[in-house]
Amino acid sequence: MGFLGKLNHSFLGFHQRNSSLVSPIDESYRNAVVVLNNAMALFSVRCSESTLAEAQRDSRYDEHENQILDFPGGQVTFTSEMRFISESPEKRTKCYQVLDDNGRPILGTSFQPLSKEFAVRMYSNMVTLQTMDTIFYEAQRQGRISFYVTSNGEEAINIASAAALTFDDVVLPQYREPGVLLWRGFTLQEFANQCFGNKGDNGKGRQMPIHYGSKKLNYFTVSSTIATQLPQAVGAAYSLKMDSKDACVITYFGDGGTSEGDFHAALNFAAVMGAPVIFICRNNGWAISTPTSEQFRSDGIVVRGQAYGVRSIRVDGNDALAVYTAVQTAREMAISEHRPILIEALTYRVGHHSTSDDSTKYRPVDEIEHWRMARDPVTRFRKWVEWNGWWSDEDESELRSSARKQILHAIQVAEKVEKPPLSDLFTDVYDHLPSNLLEQERLLRETIKRHPQDYPPEVPM
């Protein structure tokens, strides 16, 4: 536009300076001026149209931001800004806590109140579980049982979660939840019978030690295969929903279990089907010798729930009141709203992974001792019970002495009980034994007769 204006001005100046001259090119000059003026007018119109189009384009740009697509699964809005979801939040998910390390309620916290009798029962079970683990671990080291797994450092998750449930709720455990069975009434003698594999064992000696189970107490038998219980728990929960039962399923697993495909399949299955199941992850920092830093880059386990549409919470797993309150609330939501709940309980595995492990080979002894002494869940809950005036040193001494005597007696009895007969290896699966199992039993008996010194004499033939 500026160039055309200057050109037109030059032509006019030339014409004014030479107006007295008569030239055959005057007519051509006048025509050129007309063409230039028309071009300037046309360019001005085009500029106005361009400005209007730009404004209209900006308007369409704004409208684009507000467009909504009715996509299957929910409405989706559009944006012209290319923005990736961050791989991690700016701040880590907060952890729900009720008691501080000294067993005092944190100012402003909310929790489910407990009666004296209920709180004392919870504490007594925590002490009994702790004592049982110590003695059975020693029994394995003495060669009296073949294998054992402790729950040291995770007593609050065991007992407090169990206390928040009803006996109609179904439990699918991993292998570090004996406290749930203890709370439900599994006797110390039953624990000893299972570990020794005698005739009193519900599994008839066919499971390895600590693979407890009780149909009577709605506690599925433990399986060492990691995370297989998770999709099974969802299926069991969905059946409760179909039958309109006032109950839910609760399943336990460690941080290592979340690295299995079964964990992801279970969460998605539960969310889509609206199954009343509570997933409790004991995030104790270690999957045997693998630290969580080498398992995932996400903010722990709790954030994975949201990705699958599962309501989730992070809880201090060493705070019995926090665990109890969270699980009780989760149970109410799971049943009344027909939804799964994920609870990540932050704790620490003070003991070795099992009697086959030496955790000092892969983590500092100072770290273990810090959690054993400064963050012990049993000690913290005891301080709260004492603060309420419900416990004394005399009560403590009597409880620990009694628990130790009962456990030692159960072991002595279990050692003397006869083992299950050899035939029990082949029963309880088929109504009539198939030919292949009959053949296996025949070959086994013949082998024992040929090499009796290689087989335990206390097993009835």
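Figure 1. Val315 stands opposite Ala345 in strand 9. The model shown here, and in every figure below, is predicted. Strand 8 covers residues 311-316, and strand 9 covers residues 341-346. The two strands run parallel and are joined by six bridges. Between them the chain passes through helix 10, residues 320-336. This β-α-β crossover from strand 8 to strand 9 is right-handed.

**Figure 2. Met333 in helix 10.** Met333 has its place in helix 10. Which residues does Met333 touch, not counting those up to four places away in sequence? They are Arg311, His338, Arg339 and Ile341. Arg311 and Met333 are 22 residues apart along the chain. Their C-alpha atoms are separated by 9.6 Å.

**Figure 3. The whole chain, for orientation.** The protein chain has 461 residues, and 41% of them are buried. Its secondary structure comes to 14 helices and nine strands. Take the contacts with a separation of 6 or more: 71% of them link residues 24 or more positions apart. The chain exposes about 25000 Å². Carbon and sulfur atoms supply 54% of that area.

**Figure 4. The largest nonpolar core.** This core holds 73 residues. Which members touch the most other members? They are Met122, Phe136, Phe381 and Trp384. Helix 3 gives the most to this core, with eleven residues. A second, separate core has 24 residues, including Leu230, Ala237, Phe263 and Leu342.

**Figure 5. Phe381 and its contacts.** Neighbours within four places in sequence are left aside here. Phe381 is in contact with Leu99, Leu114, Ala119 and Met122, among others.

**Figure 6. Thr128, a buried residue of helix 3.** Helix 3 spans residues 116-141, and Thr128 has its place there. Is Thr128 buried or exposed? Its relative accessibility is 13%, so Thr128 counts as buried. Beyond its neighbours within four places in sequence, Thr128 is in contact with Leu182, Leu188, Ala403 and Ile407.

**Figure 7. Glu154, buried in a loop.** Glu154 is found in the loop between helix 3 and helix 4, the latter at 155-163. Its relative accessibility is 0%, so Glu154 counts as buried. Leaving aside neighbours within four places in sequence, Glu154 is in contact with Arg176, Arg282, Asn284, Thr347, Tyr348 and Arg349. How many residues separate Glu154 and Thr347 in sequence? The gap is 193 residues, with 6.6 Å between their C-alpha atoms.

**Figure 8. Two positive phi angles in one loop.** Most residues other than glycine have a negative phi. Ile210 lies in the loop between helix 6 (188-196) and helix 7 (229-242). Its phi is near 75 degrees. Asn218 also lies in the loop between helix 6 and helix 7. The phi of Asn218 is about 55 degrees. Ile210 has a relative accessible area of 3%, so Ile210 is buried.

Terms used. Residues are numbered from 1 along each chain as its sequence is written. This is a predicted model: local features need pLDDT of at least 70, side-chain atom pairs count only at pLDDT 80 or more; totals for chains, interfaces and linings use all residues. Side-chain values use heavy atoms; hydrogens and water are left out. Helices (H or I, at least four residues) and strands (E, at least two) are DSSP runs, numbered from the N terminus. Buried means under 20% relative accessible area, exposed over 50%, partly exposed in between (1.4 Å probe, protein chains only). Contact means heavy atoms within 4.5 Å. Two strands pair if DSSP finds at least two bridges between them. A crossover is right-handed if, with the strands pointing away from the viewer, the path from the first strand over the helix to the second runs clockwise. Accessible areas come from the Shrake-Rupley method with a 1.4 Å probe; for residues, only the protein chains shown count as cover. A nonpolar core is a set of buried Ala, Val, Leu, Ile, Met, Phe, Trp, Tyr and Cys residues joined through side-chain atoms within 4.5 Å.
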